Amino acid sequence: MAGVQKKEGPRLDFFSDWKYSPAPESKDHIRLNKRYELFINGKFVKPTKGKYFSTINPATEEKLAEVANADEKDVDLAVNAAKNASEKIWKKMSGKERGKYIYRIARMLQERAREFAVIETMDGGKTIRESRDVDVPLAANHFFYYAGWADKLNYAFPNRNPQPLGVAGQIIPWNFPLLMAAWKIAPALATGNTVVLKSAETTPLTSLKLAEIIQESGLPDGVVNIITGAGLTGAAIVNHPLVNKVAFTGSTEVGRIIQRATAGTGKKVTLELGGKAANIIFEDAPIDQAVEGIINGIFFNQGHVCCAGSRLFVQEGVADLVIRKLKDRMETLIVGDPLDKNTDIGAINSKEQLQTISKYIEIGKTGGADFYQSSCPIPKKGFFMRPTLFLNVSQSHRIVTEEIFGPVLAVQTFRTIEEVIEKANNIPYGLSAGVWTDKGSKIFNITGKLRAGIVWANTYNKFDPTSPFGGYKESGFGREGGLHGLLAYVNL
Ligand code: ADP
C-alpha cells in the first residue's frame, strides 16, 4: 500500500487553476455590543477607572467593539466575588448540583454554536472551518465531559477525599480563546472551585459571550467572573493574595514571570507554554496522508497552535518526494477571508504577530536556509501570511529552535531513528510531536523516546476532552483535559 502511494502522482498545477466560488459564512445573525463591561459577581459592571480598549477584526482591521480594561481594583472586586461565592455557595454545593449547571452551560453553548464560531473567527482571524468544526464543539464537549465528573470525584480519587482549592485565577491566550476558557473553567467548576478568568487582549469577545451564557444559566453570582485587560491585569490576578490557584496558557516568557511571582506563596500553578513540535515522516509512511498531516499541522491554523508541527523531519529516501508533494499542496491552499468556508489559512491574529512572523522569515533567509513560499494571492487589507517553507535548515538555526507561531515550516532530513529522536528532542520545548509510519512497532518505539507530552501517530492536531494535554521542559507543567485535568484543581 505504502509502495503504491509513494509513486509520483500527477502534478497539481491543473487543479490549482481551479477557482472556488466565494462561500462566506453569514454574519447577519451576529449581535455585538459597541462596548463590553466586566463580568463580576454575576453582573456586567463598568471598570472602576472607566478605561476601555478596542478589539479589531484582523482580517479587515475594522473595530468590532470596545472592551473594559480591568485594573487592580477591578481584579480585587472579581477575586473577592469569587472568594465569597466559594465560601458561601459553591464548595458547599453537592457535585450533582454543580454538574447540572455545567451541563446547562454546555448545552447553551451548543445551541449558540454558530454565533460563537462566527464571532471567534471575526475577533481572532482563524478560519470559520476551524472555529465551527474544532473550537466551539470542543469547548462544549469540555463542559459536557467535566460536568460528568462533578459528582464522581470520589471515584476519580478513591479514598483521597478531594477538596477544592478555592479561587482559581485563569489567564488565557489568543489562539483558542473560547476553547481555552472552556478548558480552564470546566474542570475548575466540576471540582468546586470558583473562577476569575482573563481573556487575551486581542480576542476578548467569545469569553464575554460565554459570560452572557453563564449569566443566563443561573450559575450563582461570583462563581465565574470574566474580565478583560492586558498583561497588568493578568499580573494583578496572579499576585492577588486570595487567589489559590493560577492556571496560565501563553508564552514561556510570561510563564517564567508567573513562576517567579508565585514561588513560595503556596499557590498551585499549572503552565501550558510554548512548543516547537517535530513532525516525523518515515520512508514507510503513507506519503499522501502524511503530506496532508503536515499541512494540517502547521498551515490550516495559521500556525497559531502551541502544538503546531513546525519542525518537519523527513527520512532521506522520501525527502524529495515529500517536499515536492508538499510544495504542490501548498500551491492549492487558499489564504484569505477567514469567514469563507473555502479558506484554508485565515488572518494572522494581530499586526504585532504578523511582524514577529515576518521577522523570523527574515532571520531564516539571512541565515542561509532555502526559502519557499506559495504564490497565492493575499488580501491587501488585514494581516495575512502565505504558507512558508525553509529547507536545508541546520539544527541550531533560530527558525528551528524558537517558536514562531505562524505558518512557517522548517524542514530537515534524517537517516536513522536514533538520529531523528536526538534531533527532535534537542530543543528546550516538549509539548507535542507527530510520527508517520506504516509500522506499529516503530510508533511504540519512538513515542516512548520523544520528550513530548502528546505524540500523534499517523494523524495530527487531534484533541479530545478525555485526553490529557501538557508539556515537558519549557513547554510547562501540569495537565489539562481528562482525569489528569481534575488533579490541578483539588487538594487530596
Ligand atoms: P502570547 O505571546 O501568546 O500573546 P502572552 O504570554 O504574552 O502570550 O499572553 C498570554 C496571556 O497572558 C494574555 O492573556 C496576556 O494578557 C497575559 N499576560 C501577559 N503578561 C502577563 C503577566 N506579566 N502576568 C500575567 N499575565 C500576563
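Predicted model: local features only at pLDDT ≥ 70, side-chain atom pairs only at ≥ 80, totals over all residues.
Residues are numbered from 1 along each chain as its sequence is written, and side-chain values use heavy atoms, with hydrogens and water left out.

Ser 199 lies in the loop between strand 8 (194-198) and helix 9 (205-217), helices (H or I, at least four residues) and strands (E, at least two) being DSSP runs numbered from the N terminus. Its relative accessibility is 1%, so Ser 199 counts as buried (under 20% relative accessible area, with exposed over 50% and partly exposed in between, for a 1.4 Å probe and protein chains only).

The table lists contacts (heavy atoms within 4.5 Å), leaving aside neighbours within four places in sequence.

| Residue | In contact with |
|---|---|
| Ser 199 | Ile 172, Pro 204, Ser 207, Ile 227, Thr 228, Gly 229 |
| Leu 189 | Trp 90, Arg 98, Ile 102, Ile 105, Val 195, Leu 219, Val 223, Val 224 |

Leu 189 is also among the residues that touch the most other members of the largest nonpolar core, which has 112 residues, together with Phe 143, Ile 185 and Ile 281; such a core is a set of buried Ala, Val, Leu, Ile, Met, Phe, Trp, Tyr and Cys residues joined through side-chain atoms within 4.5 Å. Helix 8 (residues 177-190) gives the largest share of this core, 11 residues.
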